[in-house]
Amino acid sequence: MLEHYVAGAWRTPADEGVALLDATTGEPVARVSTEPVQAVDALDHARTVGGPALRALTFHERAGVLKRLGTHLLEVKEEFAELSFATGATRTDAVVDVDGGFGTLLAYAARGRRELPEGNVLLDGPVEALSRGGTFVGRHVMTPLLGAAVQVNAYNFPVWGLLEKLAPAFLAGVPSVVKPASRTAYLTEAVVRRIVASGLLPEGSLQLLVGGSRGLVDALGSQDLLGFTGSAATARTLRAHPAVVERSLRFNAEADSLNSAVLGPDAGPGTPEFDLFVREVVRETTAKAGQKCTAVRRAFVPRAHLDAASEALRAALAAVVVGDPRDPATGMGALVSTAQRDDVRAVVARLRAGGTVVSGDPDRDLPGFPRGAFLSPLLLRYDDAGFDAVHDLEPFGPVVGLLPYETAPEVVALMARGQGSLVASVVSHDPSFVREVVLGAAAHHGRLHVLDRDDAGESTGHGAPLPHLVHGGPGRAGGGEELGGMRGVLHHLQRTAVQASPDMLTAITGVYTTGAARVETGVHPFRKAMSELSIGDTVVTAAREVTEADVAHFAAFTGDTFYAHTDPEAAAANPLFGGIVAHGYLVLSLAAGLFVDPAPGPVLANTGLDRLRFTKPVKPGDSIRAVLTCAAKTPRTPEQGEVRWDVQVLDQNDVAVATYELLTMVSARPR
Ligand code: NAP
């Protein structure tokens, strides 16, 4: 009997539940409850224990936990092989679900350390000037929502689905309450057991509810989030749920999708793109026995290539070995259950009304597996691409429709009849065709994959959502966005505009705001290690006159002899300068000469500049000085970290001529 993990303990449901059967043998694997889940207890624990525990950690500490967890799970991944086979997945399918899930934890860990600050507050955008005198400014800050991220997942990715939602929520500081789809909840439960046993996650940051979903959404409050993956029909029910509507709950849906693959007119038989198209469509039809939200359901080819494409796909699909997923020779395993197979057969019966079955037999069972949920891969050919059902019905199994088109605008219009899709592939080596289709279809898609001879060797494929790129799609696909690097984290944070003085904003955000009090301690800040530096530590340099000789020397030395620095007559005619001006890079170099403290010390390297602006031309005779202030500190390793400096280069009238943020690597401790 699968158990809930709630409030730090495993709880056995009171009912008998229903049996979940092995997709191949029909043997029982587990029982799952059908009673309402214990949502109130779990939500209460998440809000009062999990959330505070997560928010006590910084972004970097949370990233560290994810890294340790991902590494641990990869070490024990073989534990999950047998349960993964029970779902009907082959070993290759399991790599996407199991290894892909663990890899997503590691990807989020790495990005979190690299892209998030060391702290709890994320700043969004620059300081906004709101007043003439500079005493009243604004900035957007992002902080974690105080509720729970309730994650309702689909059956087809029991591990990846769990972890691709957990990782961004965890990094954001929001606890997860996971409700896997009942049909494969045994695999999710096994992974959660291993996570709990590892002791790596703070208490309350992950809870599991298995079985019936009644009451789950009613219990949600305005600080909770609801993340859903599953069918468009369930997405519609949840979106219209009174709790979601009345409490303006953040709701993200990843639903079903009639994804396309388009063969370009240039890509006839004999071209590399033709072969790539066939390979991609076959892979997408047979991976996970077609039970992938991203699977290609509609393959569009120029009418001139319809016969050739039909024959090539028929032959390739017929060659796929369907059988026991435990057998390494098997190319395609079983669907999750015989009920799911029967659902697919029922959809295929409706799809056949407008097309003909070119490959596979929808009614044939696999000999030797009387209780197995097997189906042969099916290719349906439509000579009339206008047949409604193929643009409307999702056969969630190994089924693909082949449809002809004549022109790029026509195929764009046909793709749009899916009413919003997760992904489409355009397979062509013709840039003008690809551009027309990509720009025409983009508004209907969350991701577009362009495949040709140049990128095929390294392409990650049509069907693979990546942690770095958004996963989701408009309209029927749910209208949501997951993953996408930090975008997935931001979804769990509230953006708040804070208006205050520069001093107050510095105190609130922990990052120096230009205009706030600077602290001159008498010790050059470049002589301080990370541990000794304070936000606001400043050095104000002496002034230096910029001479004609400086400008001429810099021009000759660097080879930058742009006329504004070397030709008095031409420079005088320049509407912005009216005479010779110093190079911007000379101003930067002179500023560095003014503020650098040269002896070996804790500063290890200059690693870059951000937001550089030359705000006023510097002319020979002007005198400049620099004001350098410690703005933010971000540890990168135990030994060193990044210090961000606010730099203002001022002229003799205290008017800024250049402003920027300087980045340096600095020792963590005094050297
Ligand atoms: P489903 O029947 O819609 O179920 C999805 C999840 O919702 C399950 O956990 C289910 O629980 C739960 N659920 C059902 N009714 C609910 C309700 N009234 N309140 C709260 N939760 C409820 O979908 P599925 O059959 O598992 O998955 C297949 C579908 O998912 C396909 O259509 C596929 O395209 C889509 N999918 C989309 C993506 C994507 O990222 N866009 C990814 C994978 C799959 P029970 O299992 O306990 O009923």
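A residue is called buried when its relative accessible area is under 20%, exposed when it is over 50%, and partly exposed in between, with a 1.4 Å probe and only the protein chains taken into account. By this rule, 55% of the 671 residues of the protein count as buried. The model is predicted, and local features need a pLDDT of at least 70, side-chain atom pairs count only at pLDDT 80 or more, and totals for chains, interfaces and linings use all residues. Residues are numbered from 1 along each chain as its sequence is written, and side-chain values use heavy atoms, with hydrogens and water left out.

The protein has 19 helices and 27 strands. These elements are DSSP runs, numbered from the N terminus (helices: H or I, at least four residues; strands: E, at least two). Along the principal axes, the C-alpha atoms fill a box of roughly 90 × 60 × 45 Å.

Strand β13 covers residues 296-302, and seven of its seven residues are buried. Pairing of two strands requires that DSSP finds at least two bridges between them. Strand β12 (residues 259-263) is joined to β13 by four bridges, and the two run parallel. Within this pair, Val-262 has Phe-300 of β13 as its bridge partner. Between β12 and β13 the chain passes through helix α9 (residues 272-286), and this β-α-β crossover is right-handed. The term right-handed applies if, with the strands pointing away from the viewer, the path from the first strand over the helix to the second runs clockwise. Strand β13 is also joined by five bridges to strand β16 (residues 399-405), again in a parallel arrangement. Here the bridge partner of Phe-300 is Leu-403 in β16.

Arg-298 counts as buried because its relative accessible area is 0%. Its C-alpha atom is separated by 8.5 Å from that of Val-262, a residue 36 positions apart from it along the chain. The side chain of Arg-298 reaches the backbone oxygen of Leu-258 at 2.8 Å. This is a polar contact, a term used for a pair of N or O atoms within 3.5 Å; within protein, one atom must be able to donate a hydrogen and the other to accept it, and residues adjacent in sequence count only if both atoms are side-chain atoms.

The loop between α9 and β13 contains Gln-291 and Lys-288. Gln-291 is buried, since its relative accessible area is 3%. Its side chain makes a polar contact of 2.8 Å with the side chain of Tyr-155. Lys-288 has a relative accessible area of 9% and is therefore buried. Its phi angle is near 50°, a positive value in a residue other than glycine. A positive phi, near 45°, is also found for Ser-248, which lies in the loop between α8 (242-246) and β11 (250-254). Ser-248 is exposed, because its relative accessible area is 62%.

The ligand is surrounded by 26 residues, of which the closest are Ser-182, Arg-183, Ser-231, Thr-234 and Glu-394. By class, the shell holds eleven nonpolar, ten polar and five charged residues. In this grouping, Ala, Val, Leu, Ile, Met, Phe, Trp, Tyr, Cys and Pro are nonpolar, Asp, Glu, Lys and Arg are charged, and the others, Gly among them, are polar.

A polar side-chain atom of Ser-231 is 2.7 Å from a ligand oxygen. A polar backbone atom of Tyr-155 is 3.2 Å from an oxygen atom of the ligand, and a backbone N or O atom of Gly-230 lies 3.3 Å from a ligand oxygen. The ligand on its own has 910 Å² of accessible area, and the protein covers 83% of it. Accessible areas come from the Shrake-Rupley method with a 1.4 Å probe; for residues, only the protein chains shown count as cover. The elements that give two or more residues to the shell are β10 (225-229) and α7 (232-239).

Technical notes. Near = heavy atom within 4 Å.
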